[in-house]
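User: I am new to reading protein models. Can we go through this one and check what each term rests on?

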Amino acid sequence: MKNIYLFAAMLCTLIVKAQTPSTTTNRDAPVQSDVYAWKNLPIEKKATSERRQILDGSGPVLSNLEIHATTIDPGTAPHAPHHHEEEELFIIKEGSVTITINGKSQVLGAGSVAVAMPGEEHGMLNTGKTKATYYVIKYKSRDSVQHQRATNAGGSFMINWDTVTFRPHDKGGLRKFTERPTAMLKRFEMHVTTLNAGIKSHDPHTHKAEEIVLLIDGHGEMQIGDKFKKVEAGDLVFLGSNVLHAIRNDNDKTCTYFAFQFE
């Protein structure tokens, strides 16, 4: 009887794990194409900050892709300025921060982005009056690092949300942030789409590039393969190479999201 209870407990554990969206933490495991919901992210609390781990794995383009979100109190920094061998993308979720890369500083608010090339010193400081939250997307290519390619394309960069032109169209509108090669990527393309109520961005499709979708306002429905999943502001979606996908605004107001493709 004891063995039966033990087996039942183990079975229940396996069922719960199968039904709960996971945050990938094994660097050698392929990142799962899925919705990583903000409300389900575990929170690691520290004295002046919080960390939410989103995923940590690999793929055909990247030997490692690690994503987390950090929240820092006013007047604080998550750590001292540093550098590392990975390339790093920051997307500001809320609040205001000052980012410094190789001695150049810029104040960035919600929706702004910054990218630090491998080996370049960078740091973050909350210079606002409220808590600041930002996503950190750190990645390393399977191919050799191309520092000169990055230099030729302009190197590290910061883009303030307020400087990106909104171009309206029949489905909503588009903000083109950048499209360029980097040290780690042959193509780094990032834009922000705003969808009108009830609108689908496009028919379900696939492409070679892997993609990250980050919803920053509203909510919608994401198709991944043959599955349909709800997405809300703060949720991150990872889409592997050649995975069928589409997004639809199922709201009665607009929804807005970042799309970041890389190969």
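User: What makes Glu263 and Arg187 a salt bridge?

Analyst: This is a predicted model, and in it the side chains of Glu263 and Arg187 come to 2.8 Å, N to O. The cut-off is 4 Å between a side-chain nitrogen of Lys or Arg and a carboxyl oxygen of Asp or Glu. The value of 2.8 Å lies within 4 Å, so the pair counts as a salt bridge.

User: Why is this pair said to tie parts together?

Analyst: Glu263 lies in the segment after S20, and Arg187 in the loop between strand S13 (172–180) and strand S14 (188–195).

User: Why is Glu263 called partly exposed?

Analyst: Its relative accessibility is 26%. Buried needs under 20% and exposed needs over 50%. Glu263 falls in between, so partly exposed is the term.

User: How do you know that Asp203 and Lys200 form a salt bridge?

Analyst: Their closest N and O atoms are 3.6 Å apart. That is within the 4 Å cut-off, so the pair counts. Asp203 has a relative accessible area of 56%, which is over 50%, so Asp203 is exposed. Lys200 has 36%, so Lys200 is partly exposed.

User: What links Lys230 to Asp250?

Analyst: A salt bridge, at 2.7 Å from N to O. Lys230 sits in strand S17 (residues 227–232), while Asp250 sits in the loop between strand S19 (245–248) and S20. The pair therefore ties together parts 20 residues apart in sequence. Lys230 is exposed at 55% relative accessibility, and Asp250 is partly exposed at 22%.

User: How many salt bridges does the structure hold?

Analyst: It holds 12. Lys45, Glu50 and Arg52 are linked in a network of salt bridges.

User: What makes the largest nonpolar core a core?

Analyst: Its residues must be buried, under 20% relative accessible area, and joined through side-chain atoms within 4.5 Å. The largest such set has 38 residues, and Leu89 and Tyr139 have the most contacts inside it. Strand S4 (residues 62–72) gives the largest share, four residues. Another core lies apart from it, with 14 residues, among them Phe90, Leu108, Ala132 and Tyr134.

User: Which residues does Tyr139 touch beyond its neighbours within four places in sequence?

Analyst: Among them are Leu62, Leu65, Leu89, Val115, Met184 and Phe188. Each has heavy atoms within 4.5 Å of Tyr139, so each counts as a contact.

User: What makes up the lining of the largest pocket?

Analyst: Six nonpolar, nine polar and five charged residues. The volume is about 350 Å³. Closest to the centre are His68, Thr70, Pro78, His79 and Tyr134.

User: And what is the volume of the second largest pocket?

Analyst: About 250 Å³. His191, Thr193, Ser201, His202 and Tyr257 are closest to its centre. S14, S15, S19 and S20 each supply at least two residues of its lining. That lining has nine nonpolar, nine polar and two charged residues.

Methods. Residues numbered from 1 in each chain as written. Predicted model: local features only at pLDDT ≥ 70, side-chain atom pairs only at ≥ 80, totals over all residues. Heavy atoms only, no water. Buried < 20%, exposed > 50% of the residue type's maximum accessible area, 1.4 Å probe, protein only. 1 Å grid on protein atoms, 1.4 Å probe; cavity = no way out; pocket = protein on both sides within 12 Å on 5 of 7 lines; lining within 4 Å. Points joined across faces, edges and corners; volume = space filled by probe spheres on them. Nonpolar A, V, L, I, M, F, W, Y, C, P; charged D, E, K, R; others polar.
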